[in-house]
Amino acid sequence: MLQGRHALVTGGGTGIGLAIAQALAAQGAQVTIAGRRADVLQAAAAATPNLYPLTMDVADDSSVADGIAAAIAARGPVTICIANAGIAEGRALTKTDLAWWRRMMAINLDGAFLTIRACLPGMREAGWGRILAISSIAGVRGLKGAPAYTASKHGMIGLIRSLSEDMLGTGITCNAICPAYTETDIVTNNTTSIARRAGISQDQALDLMLSANRHGRLVAPSEVAQAALWLCGPGSSSVNGQTIEIAGGQA
Ligand code: NAD
């Protein structure tokens, strides 16, 4: 289905990003997986054919420009761009200092902007492209106790919606995927931090998160990957500027 396509997935060495990278690679795409940890990326690439590791910090302008230029030189224009890298942590607004706020924005929002901007010229030249931002249900509603994360994920949706208007009729579509709590390191780490902050057990913290998922269970990374695959494959070219919630119900 995706033979001959070059895809880039940021944060592609773990969790949702890795599941998307594997799904794209299984359909014949050559997939550059970008992230900060070379060992994690190399292990992921060694385990799955058609994955290529790229060490890159999405919050750093020149790291993104140089990294994506190197991937394009090696495998051709990136025509599938998945802006997935992100961090997630709750912190009350009054406990949020500017440095922490900026770190959240730098990775989640600036990272998506820099990644997409670097891939766009190649898509324009090819006359075809798929841009996906992995936002969150926190991109479409307010997540209690997480104002910085929520603002960064709303920002990603604004970016996608605006760009989708600019890309009308070009063969390039831009969409956001908004998962609810998904079974990855982010949930494991958040269980620990919610339990500590709220003075509750890990099981109670997990129950709190499960209650936010409308079907009462964690989403599997593969469920998010299947939605991404559909948006990158044939048959979805009229889907543009959308936010697809993978949340068990309405977020
Ligand atoms: P994860 O921690 O496995 O994935 C995040 C990836 O981003 C990691 O590989 C990490 O190394 C990478 N990353 C972080 N900072 C980076 C940087 N500066 N440069 C490059 N890479 C960087 O967790 P995940 O759940 O797979 O998260 C993937 C995306 O999904 C994130 O954007 C997250 O906000 C979003 N999301 C996750 C959930 C969830 O419950 N797991 C729900 C909604 C949205």
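Buried means under 20% relative accessible area, exposed means over 50%, and partly exposed lies in between, using a 1.4 Å probe and protein chains only. By that cut-off W100 is buried, with a relative accessible area of 10%.

This is a predicted model: local features need pLDDT of at least 70, side-chain atom pairs count only at pLDDT 80 or more, and totals for chains, interfaces and linings use all residues. Residues are numbered from 1 along each chain as its sequence is written, and side-chain values use heavy atoms, with hydrogens and water left out.

**Ligand site**

The shell around the ligand holds 26 residues, and T14, I16, N84, T182 and T184 come nearest. A residue counts as near if one of its heavy atoms lies within 4 Å of the molecule. By class, the shell has 12 nonpolar, 10 polar and 4 charged residues. Here Ala, Val, Leu, Ile, Met, Phe, Trp, Tyr, Cys and Pro count as nonpolar, Asp, Glu, Lys and Arg as charged, and the others, Gly among them, as polar.

Helices α1 (15-26), α5 (147-166) and α6 (185-198) each supply at least two shell residues. Helices (H or I, at least four residues) and strands (E, at least two) are DSSP runs, numbered from the N terminus. Domain 1 (6-180 + 220-246) and domain 2 (183-218) each give at least three residues to the shell. The domain bounds come from an automatic or database domain assignment.

| Residue | Protein atom | Distance to a ligand oxygen |
|---|---|---|
| I16 | polar backbone atom | 2.8 Å |
| R37 | polar side-chain atom | 3.2 Å |
| T184 | side-chain N or O atom | 2.5 Å |

Taken alone, the ligand exposes 810 Å², and the protein buries 95% of that. Accessible areas come from the Shrake-Rupley method with a 1.4 Å probe; for residues, only the protein chains shown count as cover.

Strand β4 (residues 80-83) is covered on both faces. I80 and I82 lie on one side, C81 and A83 on the other, and all are buried. In a regular strand the side chains alternate between the two faces of the sheet.

β4 pairs in the parallel sense with strand β1 (residues 6-10) over 3 bridges. Two strands pair if DSSP finds at least two bridges between them. I80 is the bridge partner of A7. β4 also pairs in the parallel sense with strand β5 (residues 129-134), over 4 bridges. There, C81 has I131 as its bridge partner.

**Individual residues**

T32 sits in strand β2 (residues 30-35). T32 is buried, with a relative accessible area of 0%. Its side chain makes polar contacts with the side chains of H6 (2.7 Å) and R75 (3.1 Å).

H6 belongs to strand β1 and is buried, with a relative accessible area of 2%. H6 and A29 are 23 residues apart in sequence, and 5.8 Å apart C-alpha to C-alpha.

W100 is in helix α4 (residues 98-126).

N50 has a positive phi of about 75° although it is not a glycine. Most residues other than glycine have a negative phi. N50 is in the loop between α2 (38-47) and β3 (51-55), and is partly exposed, with a relative accessible area of 29%.

Terms used:
Polar contact = N/O pair within 3.5 Å; in protein donor to acceptor, adjacent residues only side chain to side chain.
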